Amino acid sequence: MKSIFDVLLTILPFEKPNYFDAAQIPCHYVGHPAVEHMLELFDNTHAHNPEQVQAESPEEILSALRASVLSRRQDSQRLYATAASTETLERGRASDMIVLVCPGSRLQEVKRSLPLQLEAIKKFQSNCQIRHISVVVQTFPAETTKVGHYVKQFLNNIKPPKTGSLRVFLETNDTGKRNSFAAADLAIATSGSVVTELALVSVPTVVVYPGDKITAWLAKQIANVSFVSIPNIMANKELVREVLFEQCSAEACAQALAEANAFSQQSELDVVLKQLISVNKVRGRPQLPSEVAADVLLRLAKERGDVPPAAALLT
């Protein structure tokens, strides 16, 4: 790698000291893009008007993000109203519970995960005796992606009575994602970057990845890690509940949902999440990952004399 790359830009804080420094490969930790995406999604000042930012630390950025989410929560919950009582609606709740489903980004994993996730929610509702649950499935547009098309067709084919008393909503764009993330009381997500995004906005989440024993063995041999979620890998501890491979049944996922709903490890999660926000500062404020990456690349280009006129103005 050293002979191929001029510089590596990493998104996890442990990659540089644990892997690349020892090999003397030029490497810069830029911060995790999930942080920037959530800030942009919730119209946070740090993402859109960084010069106006008052936050000076990862803690303050995380707090500002969550304040933005909380300010949208009640209105977002009303979008997913069920047949709940008038009294419930007057308390500002659109449903006894809103559960977000993130089935994945690859077609084969979505085909395995989505039916399981919905069945798990039905069992969770029954086991915990919850009257009304709104399920929001967050995916891609059906018109432009195979995943989105499959999810839409699948949901069209499982209308009541197959869904039981669940009311299912489909969201396929950033507006829908913003609303569903703000509204959600709980989430069940296929392993991926969305798990980190949900942790950043304080949504208790169960991570699933169905597969057989052979898949599990291969994954452990190749990855050599005990967990699949970034927060858990960083903490070397299950802070986000994971139900994986041959253990990933609807009943096991339902039990995990009950556990995630009853017990939060958000304070421990926050210790990890703060590490995903870059400590690089410019004019007294932490930089966004894209800003750190741009600065590194511009400095490298400048050293080589390859800076184009327009880019030189930014340096």
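Helix 14 (residues 289–304) has 16 residues and should span 22 Å at 1.5 Å a residue, which agrees with the 23 Å between its end C-alpha atoms; the expected span is 1.5 Å times one less than the number of residues. Helices here are DSSP runs (H or I, at least four residues), numbered from the N terminus. The model is predicted: local features need pLDDT of at least 70 and side-chain atom pairs pLDDT 80 or more, while totals for chains, interfaces and linings use all residues. Residues are numbered from 1 along each chain, and side-chain values use heavy atoms, without hydrogens or water.

The buried residues (under 20% relative accessible area, 1.4 Å probe, protein chains only) of helix 14 include Val-292, Val-296 and Leu-298. Just after helix 14, Gly-305 has a positive phi of about 75°.

Rings of Phe, Tyr and Trp (its six-membered ring) pair if their centres lie within 6.5 Å, and planes over 60 degrees apart count as edge-to-face. The count is five aromatic pairs. Tyr-19 and Phe-20 are edge-to-face because their ring centres are 6.4 Å apart and their planes at 65°. Ring pairs also join Phe-14, Tyr-19 and Phe-20 into a cluster. Phe-20 counts as buried, at 16% relative accessibility.

The largest pocket holds about 420 Å³ of space. Its lining has 20 residues, and those closest to its centre are Gly-104, Ser-105, Phe-140, Lys-177 and Val-194. A pocket is an open set of points on a 1 Å grid over the protein atoms alone, where a 1.4 Å probe fits, with protein on both sides within 12 Å along at least five of seven lines; lining residues have an atom within 4 Å of a point. Helix 9 gives the largest share of this lining, three residues.

Notes
Rings of Phe, Tyr and Trp (its six-membered ring) pair if their centres lie within 6.5 Å; planes under 30 degrees apart count as stacked, over 60 as edge-to-face and the rest as tilted. Buried means under 20% relative accessible area, exposed over 50%, partly exposed in between (1.4 Å probe, protein chains only). Grid points are joined across faces, edges and corners, and a volume is the space filled by probe spheres set on the points. Helices (H or I, at least four residues) and strands (E, at least two) are DSSP runs, numbered from the N terminus.
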